Amino acid sequence: MVLSQTTTDNSLFPIVELIDGLKNDDVQLRVDSIKKLSTFALALGVEHTRNELIPFLTNGIYDEGEVLLALAEQLGSFTPLVGGSEYVHCLLPPLEGLATVEEKDVRDKAVDSLRKICVEHNSEDLETHFVPVVKRLAIGDWFSSRTSACGLFSECYPRLSVATKAELRSYFRSLCQDDNPRVRMVAAEKLGEFAKVVEVEYLEYLIPMFQVLAQDGQESVRLLAVEACISLAGLLQQKDEKIRVMPILCQATEDKSWRVRYMVVDHFIDLQKAVGPEITKTNLVPILQSLLNDVKEEVRAAAARKVDEFCQNMDPSVKEKIIMNNILPYDKVGPYSLYVCSAKMVGR
């Protein structure tokens, strides 16, 4: 790191102390030095922090995961130390680098910090500086880069221009179809979050992404796709729109992995609230029957535990009929008595 000639001896001292700390053989002492970054930055002032400290942190630190984790966390609160939101974009290079490292904890913390400083960008700087970071991460050579990109779309999307939004939807679709299952897994995890910020008219654009992820060869991807699909069902406005996600969920109830089927059970009440009484009657009751009759005991037991609340939420005009005709006959769960639960629902 080269300091300008105008740097006084007093302002040079924090940098010397930082460099000495980062050269220490003791990892904990190096972590402690990073945790003092805000103190060093205050001593340097905003101009030297922007022009000298941040480039040093971008190019000069290759260290243990604990040190990089501490750095990723520190940078998330550095905006005032670089001169405020007008200059917040100067924090992007070191965080972009940290978002590509192998250690997952470091990447996750870097993404957290990127999301935090995203809101501190004005709309123009968001388009000029932040979005290019998202795009570079999304097409990076390493899976680590692409997984990090998945967590940034929902934070920046709402404040972008129409054209840039269209680009980001396309980038996210590519991540959902990525060759690496670890990327697809994070894309599935973040798809529900992304759906919440996408305009209503583009929600149907996301349904094929759910369909692809729900049929993924990796169990971990399908698990997360189920959860995201339930989020989407709650966002769709019309009954005919909501009904489009039901084949995805029906497919999940027949998944070869009992954990995927269990995931449907786990979110069953959320799904019921999302789709409303009519779809509950026509679509969810058959799904519940299937789950109560599942070959895996854990799935059957979990489904039985949902019956009470599921019945409470049903349309009163059809509740008793459905309980007696469509739920009681599926009392195959042993100690989890559907009869007791269902009879209570009809007041018997």
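Begin by selecting helix H2 (residues 27-35), where Arg30, Val31, Ser33 and Ile34 are buried; buried denotes under 20% relative accessible area, exposed over 50% and partly exposed in between, with a 1.4 Å probe and protein chains only. Viewed down the axis of H2, these buried residues fall within an arc of 155 degrees, so they line one face of the helix; the arc is taken from the directions from the helix axis to the C-beta atoms. Helices are DSSP runs (H or I, at least four residues) numbered from the N terminus.

The model is predicted: local features need pLDDT of at least 70, side-chain atom pairs count only at pLDDT 80 or more, and totals for chains, interfaces and linings use all residues. Residues are numbered from 1 along each chain as its sequence is written, and side-chain values use heavy atoms, with hydrogens and water left out.

Next, select Phe153 and Phe172. Their ring centres are 5.2 Å apart and their planes stand at 90 degrees, so the pair is edge-to-face. Rings of Phe, Tyr and Trp (its six-membered ring) pair if their centres lie within 6.5 Å; planes under 30 degrees apart count as stacked, over 60 as edge-to-face and the rest as tilted. Phe153 belongs to helix H10 (residues 153-156) and Phe172 to helix H11 (residues 162-176), so the pair ties together parts 19 residues apart in sequence. Both Phe153 and Phe172 are buried.

Then move to Phe268 and Phe310, a tilted aromatic pair with 5.4 Å centre to centre and 40 degrees between the planes. Phe268 counts as buried at 1% relative accessibility, and Phe310 is buried at 0%.

How values were computed:
Helices (H or I, at least four residues) and strands (E, at least two) are DSSP runs, numbered from the N terminus.
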